[in-house]
Protein chains: 2
Amino acid sequence: MERTTRQREALRNVIEDAQRPLSPQEILDGAQAVVPGIGIATVYRNIKLLLDAGEIEVVTLPGENPRYEPAHRAHHHHHHFQCDACRRVFDVHECPGDLKGLAPKGFRVHRHELTLYGLCKECIALKRSAVASA
Amino acid sequence: MERTTRQREALRNVIEDAQRPLSPQEILDGAQAVVPGIGIATVYRNIKLLLDAGEIEVVTLPGENPRYEPAHRAHHHHHHFQCDACRRVFDVHECPGDLKGLAPKGFRVHRHELTLYGLCKECIALKRSAVASA
DNA sequence: ATGTGTGCAAATGATTTGCAGGTTG
DNA sequence: CAACCTGCAAATCATTTGCACACAT
């Protein structure tokens with residue numbers, strides 16, 4: 001049965017309080033403040049536990065190391081938008097829908113992942129003011 | 001100046017002849033058949049060279065190590081399919097089309113990446129024969 | 001007390017780099 | 001023969017695992 005430890009509680013809180021998906025190292029950094037001496041191995045072990053328990057979810061974008069966020073914040077089926085300027089990632093709740101027809105014949109499609117790239121609202125505004133002040 | 005070596009030629013051919021993006025290890029395996037003794041370091045060094053030369057392009061899927069494919073094949077807009085069983089990656093030439101409407105309002109979408117997941121033809125066949133022999 | 005959890009360090013797996021010797025132009 | 005290349009092994013980087021000890025229940 002799963003036990004309650006200072007380390008696990010600290011890790012849970014760090015992930016919960018973050019306003020964005022965190023990398024294992026970022027999670028460790030946050031937990032160090034509460035439980036000095038906590039090790040990176042404990043972070044990885046608990047990430048796995050929390051994933052299995054369905055408390056957190058992994059966010060994997062192409063070419064980037066995995067990050068983790070609370071499951072309740074990640075909800076149901078959704079996609080991501082990454083800003084080419086600020087690199088931040090936003091949730092996209094729209095979905096193109098059924099894509100099973102796209103695969104080569106004979107293949108079976110179970111699910112899909114979509115990442116949109118471009119400029120977020122804020123970076124568009126920043127660019128506009130930069131041009132204006134030029 | 002860049003020189004012509006058996007190793008480099010072999011690597012180029014393996015990548016060119018493949019019908020799908022290859023991992024460094026897959027490239028090495030293919031090249032071993034032509035140049036026994038070729039090492040993984042040579043594969044990585046030449047991948048970097050070919051990337052800089054614009055001959056090949058990187059394919060990065062969420063949570064996966066990079067794979068490489070010839071630039072002329074990558075230049076056509078396309079997507080990827082990854083088999084949940086054998087983990088191999090295949091090109092998908094179909095595209096759902098315009099996805100600009102999916103992003104939050106105020107965002108500008110420049111491009112998108114789509115990855116389909118499921119079972120490839122071969123793994124479906126393997127599963128079928130496994131069931132048959134059970 | 002009993003088994004889970006933790007820290008440390010060694011083990012992985014992927015990729016990079018230093019070095020000494022081999023090959024190309 | 002000078003510069004470029006290669007193979008090997010050691011070095012990184014991120015992540016995993018073995019072990020002995022600590023701790024929750």
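This report walks through the place where chain A and chain B meet.

Please keep in mind that the model is predicted. Let us start with the overall extent of the interface. On the chain A side, 36 residues are in contact with 36 residues of chain B. Together the two chains bury about 3,100 Å² between them, and carbon and sulfur atoms give 65% of that area.

Here are the counts between the two chains.

| Item between chain A and chain B | Count |
|---|---|
| Salt bridges | two salt bridges |
| Polar contacts (both residues at pLDDT 80 or more) | ten residue pairs |

Which elements of chain A give two or more residues to the side that touches chain B? They are strand 4 (89-92), strand 5 (108-119) and helix 5 (121-132). Strand 5 of chain A gives the most, with twelve residues. Sorted by class, the side of chain A that touches chain B has 19 nonpolar, seven polar and ten charged residues.

For a salt bridge between the chains, find B:Arg111 and A:Asp84. The closest N and O atoms of this pair are 3.2 Å apart, which is within the 4 Å cut-off for a salt bridge.

Note on methods: Residues numbered from 1 in each chain as written. Chains lettered and ligands numbered in written order. Predicted model: local features only at pLDDT ≥ 70, side-chain atom pairs only at ≥ 80, totals over all residues. Heavy atoms only, no water. Contact = heavy atoms within 4.5 Å. Buried area = accessible area lost by both parts, 1.4 Å probe. Salt bridge = Lys/Arg side-chain N within 4 Å of Asp/Glu carboxyl O. Polar contact = N/O pair within 3.5 Å; in protein donor to acceptor, adjacent residues only side chain to side chain. Helix = DSSP H or I, 4+ residues; strand = E, 2+ residues; numbered from the N terminus. Nonpolar A, V, L, I, M, F, W, Y, C, P; charged D, E, K, R; others polar.
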